[in-house]
Amino acid sequence: MSSHEYYMSRALQFAEQGLFTTDPNPRVGCILVKNGQIIGQGWHQYSGEGHAEVHALKDAGLNAKGADCYVTLEPCSHFGRTAPCADAIINSGVKRVFIAMTDPNPLVSGSGINKLKLAGIEVIVGILEQQAEVLNIGFCKRMRTGLPYVRSKMAMSMDGRTAMASGESNWITGPAARQDVHKLRAQSSAILTGIGTVLADDPALTVRPEAWYPVQTIRQPKCIVVDSKLRINEDAKILKDNAQVLIVTTVANKTFQKAEVCCLPADNDQVDLGALMAELGRRQMNEIMVEAGSKLNGALLAAGLIDELVIYMAPKIMGDGAKGLFHLPALSTMAQNIHLQITDIRAVGCDWRITALPQLNKDH
């Protein structure tokens, strides 16, 4: 590892401290280095507050003059809720700026780098770029496509079952896996579920700082219920326990006291899921976590709208009568199968967590 990679990795570590708090903004870290010593450090902590560069420059004070700046995302060059970070860097007297990746936001993309160069500052881009991209995978996708990054979480037995025929599913996985799920919830912009899950399980879908996993987050992700026929009961736990609930339906002119109702176009008598994702992107949602049953997961997968699967596999056998992961049209040949690129497998307590990327319509 070069010294530049070392310092950028430190900046990425600071950026990760905003994993649960910066939404809808990106997670960004920054350090200032002078004479081989870190003299300033900071990260973007909350949306609407100072960016990473501002905190690092404040930490370094007048010592920032002549220093090297390592930042995980291109400094902004426009006035938003805060002043441009590129201007703050220029005014500080920093000598060189090392940037992990260019900002995919069209309002910034390249202009922050150009502003620094015009001010006579040397700029180097691309150090640990892939790591920076992964840290902000939802923000990057939304800026490039207008759509959020969709991550579906499922728990299954070793024979691929998610619930008994009766619907009983508590608990397939152990406490460690459930802890892990709360971390995924906390970093998400919203939790997406279907009306079938709400009616059958009456879940809360909140980030709960249980004694076994004190997730530190100042915000709860929004909850989104896909309810084409508007069958939700106003006494549902999800409406009681969540401050922000969005019910997506095809039924017009309906309101709920405890939730916002959004009417979207229908596709085969169901909510058009493509239109739903476009709407969530318009609402500045970066990462959507799906916690739903086989029908909604199957529909999202078939439509090519799931970017990542996180599957917790328990060392249990539930039998042929139990329910499967996805409700999909019958596939008659191997050529029709949906290929998955497995990116990570690891033990989580007594269970296994498999992370995979669907490879729809790709040769394999």
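These legends go with a few close-up views of one predicted model. Residues are counted from 1 along each chain as its sequence is written. Because the model is predicted, local features need pLDDT of at least 70, side-chain atom pairs count only at pLDDT 80 or more, totals for chains, interfaces and linings use all residues, and side-chain values use heavy atoms, with hydrogens and water left out.

**View 1. The sheet: five strands in an open arrangement.** Here 5 strands make an open sheet with mixed pairing, in the order S2-S1-S3-S4-S5. Strands are DSSP runs (E, at least two residues), helices are too (H or I, at least four), and both are numbered from the N terminus; two strands pair if DSSP finds at least two bridges between them. At the edges sit S2 (37-43) and S5 (122-125), each pairing on one side only. Ignoring direction, neighbouring strands are turned by 15° against each other on average.

**View 2. A parallel pair, S3 and S4.** Strand S3 (residues 68-71) and strand S4 (residues 96-99) run parallel and are joined by 4 bridges. One of the residues to look for is Val71, whose bridge partner in S4 is Ile99.

**View 3. Two helices on the sheet.** Helix H1 (residues 3-15) lies across S1 (29-34), S2, S3 and S4, and runs at about 140° to S1. Helix H2 (residues 52-60) packs on the sheet too, touching S1, S2 and S3, with its direction at about 140° to that of S2. Contact means heavy atoms within 4.5 Å; axes are lines fitted to C-alpha atoms, for helices over the stretch in contact, and angles run from 0 to 180 degrees between N-to-C directions.

View 4. How many disulfides does the structure hold? It holds 0, going by a cut-off of cysteine sulfur atoms within 2.5 Å. The cysteine sulfur nearest to that of Cys30 belongs to Cys69, 3.6 Å away. Cys30 counts as buried at 1% relative accessibility, and Cys69 is buried at 1% as well. (Buried means under 20% relative accessible area, exposed over 50%, partly exposed in between, with a 1.4 Å probe and protein chains only.)

**View 5. The buried face of helix H3.** Which residues of H3 (residues 85-92) are buried? They are Cys85, Ala86, Ile89 and Ser92. Down the helix axis they fall within an arc of 130°, so they line one face of H3; the arc is that of the directions from the axis to the C-beta atoms. Their cover includes H2, S3, S4 and helix H4 (111-118). Just after H3, Gly93 has a positive phi of about 90°.
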